[in-house]
Amino acid sequence: MLTGMGIGRLGAAPEQKTTPNGTVITTVNVACNTGKDQTTWVRVSAFGSQGEFLAKNFGKGDPVAISGDMKLATFEKDGVQRTNLEMVANTIRFVPKSREREAPPPAETNYHTGPDSDLPF
């Protein structure tokens, strides 16, 4: 078994389905930058409460950190053999958006300079 983790952005809104026995399955494609001008797409599946969390809290373009079990899946499309990187998520976490990572500007502070300004407290 191959376990991995990555940080990327959702390529589309998560797709949520429920199996006949009631298990929630959520799938989404996540774009991970792997170098200058190079992106690796990972097809992520999340089950149960993880799937519900993913569908409820994330949308297209949102950054996300995911870890889980990975595998390569091969298939044929239009006569061409293709390979997908797939992950079954064990952990899904929020990643701050660019604007949220910036420190807020310092608050202006007005110090009292009246007759009581020499008090030690």
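**Exercise 1.** Is F58 buried or exposed?

Solution. Buried means under 20% relative accessible area, exposed over 50%, and partly exposed in between, with a 1.4 Å probe and protein chains only. F58 has a relative accessible area of 6%, so F58 is buried.

The model is predicted: local features need pLDDT of at least 70, side-chain atom pairs count only at pLDDT 80 or more, and totals for chains, interfaces and linings use all residues. Residues are numbered from 1 along each chain as its sequence is written, and side-chain values use heavy atoms, with hydrogens and water left out.

**Exercise 2.** Classify the ring pair of F53 and F94.

Solution. The structure holds three aromatic pairs. Rings of Phe, Tyr and Trp (its six-membered ring) pair if their centres lie within 6.5 Å; planes under 30 degrees apart count as stacked, over 60 as edge-to-face and the rest as tilted. For F53 and F94 the centres are 5.3 Å apart and the planes stand at 75°, so this pair is edge-to-face.

**Exercise 3.** Classify the ring pair of F58 and F94, and locate both residues.

Solution. First, F94 is exposed, at 51% relative accessible area. The ring centres of F58 and F94 are 5.0 Å apart with planes at 25°, so the pair is stacked. F58 is in the loop between helix 1 and strand 5 (63-77), while F94 is in strand 6, 36 residues apart. Helices (H or I, at least four residues) and strands (E, at least two) are DSSP runs, numbered from the N terminus.
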